[in-house]
Amino acid sequence: MARNNTVGLFRRRLESVIGRAGLTTSGFARLANIDRSTLSQLLDDTDPRLPRADTLMAIATAAHVSTDWLLGLSQREEVGAEIIQAMLQIEMHDRGPADDHFVAWLNEAEGYRIRTVPVALPDFVKTEAVLQFEYGSTENVAPVQFDTVRARLDYMSKADNDVEVCLALQDLQAFADGQDIWSDLPLDARRDQIEHLNAIYRSAYPGLRFYLYDRKTVYSAPFTVFGPKRAVVFLGPSYLVLNGSDHIRMFARRFDDLIRLAVVQPHGVEPFLHDLLDRMTP
């Protein structure tokens with residue numbers, strides 16, 4: 001960045017922090033413990049100078065912003081631990097479908113591509129019977145709430161959205177075969193679920209695209225990338241929320257890797273689901 005541009009940006013940001021503090025030039029100079037005339041010179045648009053290091057540090061400390069931000073070297077105002085906190089957060093999971101945090105992140109990322117690696121079958125494609133089977137005993141999700149839950153989950157399957165899902169094909173096979181946690185779910189309910197998923201996929205494709213990978217050769221922790229806004233890793237009782245652009249790009253690249261390694265691409269999902277239905281025939 002040219003020096004004149006740096007000086008101009010520094011001056012604008014200095015004016016901004018003084019204005020946000022609600023102080024006069026003299027008042028801010030006292031707060032920062034610097035000479036009022038020095039501050040006046042830094043605000044003078046005919047005097048193309050930058051502050052000395054000690055003056056810059058005093059201004060940044062008084063304003064609770066980073067020196068890099070004042071000089072235009074960063075777009076983040078926060079300093080030290082505040083930067084870490086802004087880039088990395090832990091949020092508790094509501095232990096039910098249509099978690100409030102997840103829905104809020106979806107709304108904030110409206111218009112951007114959503115890319116998700118769910119734990120297993122995604123909630124937004126589940127039938128009410130499957131949601132009830134999985135969450136019905138959870139104290140935070142009573143049966144009478146499922147109409148509201150469904151309306152909120154429907155956001156993910158709208159035809160005008162751009163949603164990509166990477167899922168292990170073994171998860172769908174285990175569901176169809178009634179294995180693991182699905183062993184007590186009746187065959188009719190499992191068939192209804194696969195047919196429901198197929199109907200959703202047919203109506204929402206290509207806005208909704210599934211990629212199925214083989215867990216024998218590929219592993220992924222569950223995570224979601226909400227456009228350029230954030231990446232969120234599901235930890236069970238909580239979420240690890242990553243807001244830094246480098247972290248978001250890293251998870252987006254990981255999703256791209258899963259897409260390349262998928263053994264069933266989006267156009268092959270419907271035939272795969274039909275094969276599952278055939279193997280579920282009594």
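Biologist: Let us begin with charged side chains. How many salt bridges does the structure hold?

Modeller: As a general idea, side chains of opposite charge can pair when their charged atoms come close. In this predicted model, the count comes to 16 salt bridges.

Biologist: What do the side chains of Arg49 and Asp47 form, and is Asp47 buried or exposed?

Modeller: The side chains of Arg49 and Asp47 meet in a salt bridge, with 3.0 Å from N to O. Asp47 has a relative accessibility of 17%, and because the limit for buried is under 20%, Asp47 counts as buried. Arg49, at 36%, counts as partly exposed.

Biologist: Which residue pairs with Arg115 in a salt bridge, and where do the two partners lie?

Modeller: Arg115 meets Glu164 in a salt bridge, at 2.8 Å from N to O. This pair links distant parts of the chain: Arg115 belongs to strand β2 (residues 114-117) and Glu164 to strand β3 (residues 163-168), 49 residues apart. Both Arg115 and Glu164 are buried.

Biologist: With which residue does Glu270 form a salt bridge, and why does the pair tie together separate parts of the sequence?

Modeller: Glu270 forms a salt bridge with Arg202, and their closest N and O atoms are 3.3 Å apart. Glu270 sits in helix α13 (residues 269-279) and Arg202 in helix α11 (residues 187-204), so the pair ties together parts that are 68 residues apart in sequence. Glu270 is partly exposed, with a relative accessible area of 23%, and Arg202 counts as partly exposed at 46%.

Biologist: Which residues do salt bridges with shared partners join into one network?

Modeller: That network consists of Arg113, Arg115, Asp162, Glu164, Arg209 and Asp256.

Biologist: Let us turn to strands. How do β6 and β7 run, parallel or antiparallel, and how many residues of β7 are buried?

Modeller: Strand β6 (residues 230-234) and β7 run antiparallel and are joined by four bridges. Strand β7 (residues 238-242) is mostly covered, with four of its five residues buried.

Biologist: How many aromatic pairs does the structure hold, and what is the geometry of Phe102 and Phe226?

Modeller: There are 10 aromatic pairs. Phe102 and Phe226 form one that is edge-to-face, with 5.3 Å centre to centre and 70° between the planes. Phe102 is in helix α7 (residues 100-108) and Phe226 in strand β5 (residues 223-226), so placed that the pair links distant parts of the chain, 124 residues apart. Phe102 and Phe226 are both buried.

A further edge-to-face pair is that of Phe223 and Phe255, at 6.4 Å centre to centre with 85° between the planes. Here too distant parts of the chain are linked: Phe223 lies in strand β5 and Phe255 in helix α12 (residues 245-261), 32 residues apart. Phe223 is buried, as is Phe255.

Biologist: Which residues do ring pairs link into a cluster?

Modeller: The cluster is made up of Phe102, Trp105, Phe226, Phe234 and Tyr239.

Biologist: Finally, where is Asp214, and what does its side chain reach?

Modeller: Asp214 is placed in the loop between β4 (208-213) and β5. It is buried, with a relative accessible area of 14%. The side chain of Asp214 reaches the backbone nitrogen of Lys216 at 2.9 Å. Leaving aside neighbours within four places in sequence, Asp214 is in contact with Leu169, Gln170 and Val263.

Biologist: Is Gln170 buried or exposed, and which residues does it touch?

Modeller: Gln170, in helix α10 (residues 169-176), counts as buried at 18% relative accessibility. Not counting residues up to four places away in sequence, Gln170 touches Tyr213, Asp214, Arg215 and Lys216.

Technical notes: Residues numbered from 1 in each chain as written. Predicted model: local features only at pLDDT ≥ 70, side-chain atom pairs only at ≥ 80, totals over all residues. Heavy atoms only, no water. Salt bridge = Lys/Arg side-chain N within 4 Å of Asp/Glu carboxyl O. Buried < 20%, exposed > 50% of the residue type's maximum accessible area, 1.4 Å probe, protein only. Helix = DSSP H or I, 4+ residues; strand = E, 2+ residues; numbered from the N terminus. Pairing = 2+ DSSP bridges. Phe/Tyr/Trp six-rings, centres within 6.5 Å; stacked < 30°, edge-to-face > 60°. Polar contact = N/O pair within 3.5 Å; in protein donor to acceptor, adjacent residues only side chain to side chain. Contact = heavy atoms within 4.5 Å.
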